[in-house]
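Subject: Structure handover

Hello,

Here is the structure I said I would pass on. Please open it alongside this note.

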Amino acid sequence: MISIEPHELSTGKLHGYLLGAVAPRPICFASTVDKEGNVNLSPFSFFNVFSARPPILVFSPARRGRDNTTKHTYENVLEVPEVVINIVSFEMVQQVSLSSTEYAKGVNEFTKAGFTEIPSELIKPPRVAEAPVQLECKVNDVIKLGTEGGAGNLVICEVVKIHIKEEILSEDGSIDPFKIDNVSRLGGNWYSRAKEGLFEVPKPLTTLGMGVDSLPEEIRRSKVLTGNDLGMLGNVENFPNSEEINTFINESDELKWLRDEGNVLEIHKKAQDFLCEGKIEEAWKVLLSRK
C-alpha cells in the first residue's frame, strides 16, 4: 500500500485518485440561465441527494485545475439562483458527454448536443426533454470551498417540482432501476451503466466538437441513428475529406456496394456498426460516401 499526503500531489493527480476511488458517482445534468437569459447545460459528477424533507440536492462545479477559471454553471447560479437537475440515462450519455465540451459563453449546449428544451413550470431554466427525471430546483446557497484550481463550489438546491416519465415506473408506481437505466461516472473515461456495468466514453475536452447541430440534416433526422450515435458523430472537429472517404470505401467490396446502392437506411446501419465499435472516423466516411 502507498500512503500519500494530498499536498504532495499535483491537482491533476489528486483529482484522478479521488475520482477513481470515490466511484461510481451519479451525474447531475444541470441546466441554468444567466441574467440575460442565455441557457447553459453541463454535467457534473460531484453530486448527490442529501435530504428528503426538505428535498435537497447538492452538486459542485469546481474551479478548473489548469487555469483556475470558473464554469458557466457556477456563474449562472450566482446570477439566477435556479437550476434544473436532469437525470442521465444510458440512451443519452454520448450527448451528455458532448455537452461537457467547453464551448464559449452564450453557446447553447442544448443545441450543440442535440437535446430538446422544454419549459420549466416554476423556474426559468429549461428542462431536458430526453431525461427520464427532471428536477426543478431553487438554489438555497453556494458555498465556496477554496480559491485554487480544483476547488469545489457546493450548490445547495431545494427541489420545488419533480417530473418523472411514466415509462420508467414499475406497477407499484416506484422508479424501476432497469427502466430508468441510470448512468454513473468513475475516473478517467470510465462510466457505469447501473444494470450492466462499465463502459468508456472518450472525453471531448481536447477538441471543440462541431456539435449535433452541425450534422447534415439527413443524419440528424435518421431513422436508424440514436441520440448516442449523434453525440459521437458531433464530437469531431472536421469531416473527412473526399480522398480519405474514397480510399476507405474502395478498400471494401461491401462498402463500395453500399455506396453504389445509395440506400440511406443501410448506410446508416453500417455507420452505426462502426460507432458501436468506437470507430467514429470510419462511421463518418461511410455516411459521407453516399452519392
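First, the ground rules. This is a predicted model, where local features need pLDDT of at least 70 and side-chain atom pairs count only at pLDDT 80 or more, while totals for chains, interfaces and linings use all residues. Residues are numbered from 1 along each chain as its sequence is written, and side-chain values use heavy atoms, with hydrogens and water left out.

**Domains**

The domain assignment gives domain 1 (6-193) and domain 2 (212-288). Such bounds come from an automatic or database assignment. The two centres, taken over C-alpha atoms, lie 31 Å apart.

**The interface between them**

Contact here means heavy atoms within 4.5 Å. By that rule, 11 residues of domain 1 touch nine residues of domain 2. Together the domains bury about 770 Å², with 50% of it on carbon and sulfur atoms. Buried area is the accessible area (1.4 Å probe) that two parts lose on being put together, summed over both. On the domain 1 side, Gln94, Leu98 and Lys112 lose the most area to domain 2, together 57% of what that side buries.

One salt bridge is counted between the domains. The term stands for a side-chain nitrogen of Lys or Arg within 4 Å of a carboxyl oxygen of Asp or Glu. Lys112 forms a salt bridge with Asp213, and their closest N and O atoms are 3.3 Å apart.

Helix H3 (93-99) and helix H4 (109-113) each supply at least two residues of the domain 1 side that touches domain 2. H3 gives the largest share, four residues. Helices (H or I, at least four residues) and strands (E, at least two) are DSSP runs, numbered from the N terminus.

**Strands**

Two strands pair if DSSP finds at least two bridges between them. An open sheet of four strands runs in the order S1-S11-S12-S13, with antiparallel pairing. Strand S1 (25-26) and strand S13 (197-200) are at the edges with a single partner strand each, so one side of each has no neighbour in the sheet. Strands S11 (183-185) and S12 (190-193) are joined by three bridges. Ser184 stands opposite Ser192 in S12.

Elsewhere, strand S9 (133-144) pairs with S10 in the antiparallel sense over 11 bridges. Lys144 has Asn153 in S10 as its bridge partner. Strand S5 (55-59) also runs antiparallel to S10 (153-164), with four bridges. There, Ile56 stands opposite Glu158.

**Salt bridges overall**

How many salt bridges does the structure hold? The count is 16.

**Backbone points to check**

- Ala23 and Pro24 are joined by a cis peptide bond, with omega about 0°. Pro24 sits in the loop between helix H1 (11-21) and S1.
- The Arg53 to Pro54 peptide bond is cis, with omega near 10°. Pro54 is in the loop between strand S4 (47-52) and S5.
- Asn68, a residue other than glycine, has a positive phi near 65°.

Best wishes
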